[in-house]
Amino acid sequence: MTANSAAAHGPSAGGRVQDKVAFITGASGGIGSATAVRLAEEGAHIVATDIAARREALEALRGRLPEHARLLALEADVTDQASLDAAVEAAVAEFGRIDIVHANAGILLPEGNAEDIGEQTWDRVIDIDLTGVWRTAKAAFPALKRNERGSSVILASSTAGIRAAAGGSAYAAAKHALRGLASTWAHELGPYGGRVNTVHPTAVATDLVLNPESLKRARPDLEDPQPADVVEAWKRGKLLDTPWIEPLDVANAVLFLASDEARFITGANLVIDAGSTVKWG
Ligand SMILES: NC(=O)c1ccc[n+]([C@@H]2O[C@H](COP(=O)([O-])OP(=O)(O)OC[C@H]3O[C@@H](n4cnc5c(N)ncnc54)[C@H](O)[C@@H]3O)[C@@H](O)[C@H]2O)c1
């Protein structure tokens, strides 16, 4: 290939997920948008979905993708099966198939001890973080099974899916359950060349954890705690010298699992946690 023909194909002509179609839930910010950018940089076409309230942020994703990338930005709420079904249908109509699913949408609510959790809180966390992942699978799996090139599904768990999450029973229950779903679904998709794995990040620098409420829970002694106020405590939880990781660290792990480099990895649980689970394991 000459330099000119390489240029004609764009910078990702030989990308690690070249021409694969990636369907991502909760893609407007945080880890979801970082994954969309990273996969697009490596040649994927992106179907980015999120709730209606995040429409503007979802559209802004366009400006972060490489110029040559194709993006389909769609509203889909993981508590609403019909919206996910419609998004999958639109994705297949646009691109002809789906190769990668990143079931990333999730929430983290203040919970407290078991006896203090309100039933609404419990139901909301389970509805989005667990049932929402199943709804995503329910919408996408028929298309994945039709995909003769095989497929890769990555479920967004957490270190809270490996060990305890003090004060977060519903979150821990949902994130632990995703390991069960991944290994079960690895059976279901295996005969169709599909792989299903989980990722388990420690605290990531996104709105999910670096928000005033979470910081206040971590530092109740301070009036208005800032991220800098939790650095020392959060570093102590890890073997490597960092209080949290970046969305890009998770996106790179998702990229690997999505790519053919991981072609024989299925039913695996990839921990991205600077050593926190082995430190407290
Ligand atoms: N940030 C962390 O420290 C961390 C650590 C481990 C695991 N995770 C997991 O990673 C995933 C992404 O988290 P993040 O840190 O990027 O959080 P985030 O809050 O930045 O992004 C979550 C996204 O999910 C979307 N979402 C929420 N409810 C939805 C619904 N009903 N339907 C569709 N989309 C919905 C939000 O709009 C948002 O875009 C979550 O599943 C989270 O549990 C995050």
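**A guided look**

Guide: S151 counts as buried because its relative accessibility is 6%, where buried means under 20% relative accessible area, exposed over 50% and partly exposed in between, with a 1.4 Å probe and protein chains only. This is a predicted model, where local features need pLDDT of at least 70, side-chain atom pairs count only at pLDDT 80 or more, and totals for chains, interfaces and linings use all residues. Residues are numbered from 1 along each chain as its sequence is written, and side-chain values use heavy atoms, with hydrogens and water left out.

Visitor: Which residues is S151 in contact with, leaving aside its neighbours within four places in sequence?

Guide: S151 lies in strand 5, residues 151–156. Helices (H or I, at least four residues) and strands (E, at least two) are DSSP runs, numbered from the N terminus. Contact means heavy atoms within 4.5 Å. Beyond four places in sequence, the contacts of S151 are D99, L144, L189, G193, G194 and R195.

Visitor: Which residues come nearest to the ligand?

Guide: A residue is near a molecule if one of its heavy atoms lies within 4 Å of it. There are 27 residues around the ligand. Those that come nearest are I31, D50, Y171, V204 and T206.

Visitor: How many residues of the shell around the ligand are charged?

Guide: Ala, Val, Leu, Ile, Met, Phe, Trp, Tyr, Cys and Pro count as nonpolar, Asp, Glu, Lys and Arg as charged, and the others, Gly among them, as polar. The shell has 14 nonpolar and nine polar residues. The charged ones number four.

Visitor: How far is a polar backbone atom of V204 from an oxygen atom of the ligand?

Guide: A polar contact is a pair of N or O atoms within 3.5 Å; within protein, one must be able to donate a hydrogen and the other to accept it, and residues adjacent in sequence count only if both atoms are side-chain atoms. A polar side-chain atom of D77 lies 2.8 Å from a ligand nitrogen. In the side chain of K175, an N or O atom is 2.9 Å from a ligand oxygen. For the backbone of V204, the distance to a ligand oxygen is 2.7 Å.

Visitor: What percentage of the area that the ligand exposes when taken alone does the protein bury?

Guide: Accessible areas come from the Shrake-Rupley method with a 1.4 Å probe; for residues, only the protein chains shown count as cover. Taken alone, the ligand exposes 820 Å². The protein buries 92% of that.

Visitor: Is Y171 buried or exposed?

Guide: Y171 is found in helix 6. Its contacts beyond four places in sequence include I107, L108, E111 and L208. With a relative accessible area of 11%, Y171 is buried.

Visitor: Which backbone oxygen lies 2.6 Å from a polar atom of the side chain of T242?

Guide: T242 lies in the loop between helix 8 (231–236) and helix 9 (247–258). T242 touches W234, K235 and A274, not counting residues up to four places away in sequence. The backbone oxygen 2.6 Å from its side chain belongs to W244.

Visitor: What is the phi of A274?

Guide: A274 is found in the loop between strand 7 (269–272) and helix 10 (276–280). Most residues other than glycine have a negative phi. A274 has a positive value, near 55 degrees.
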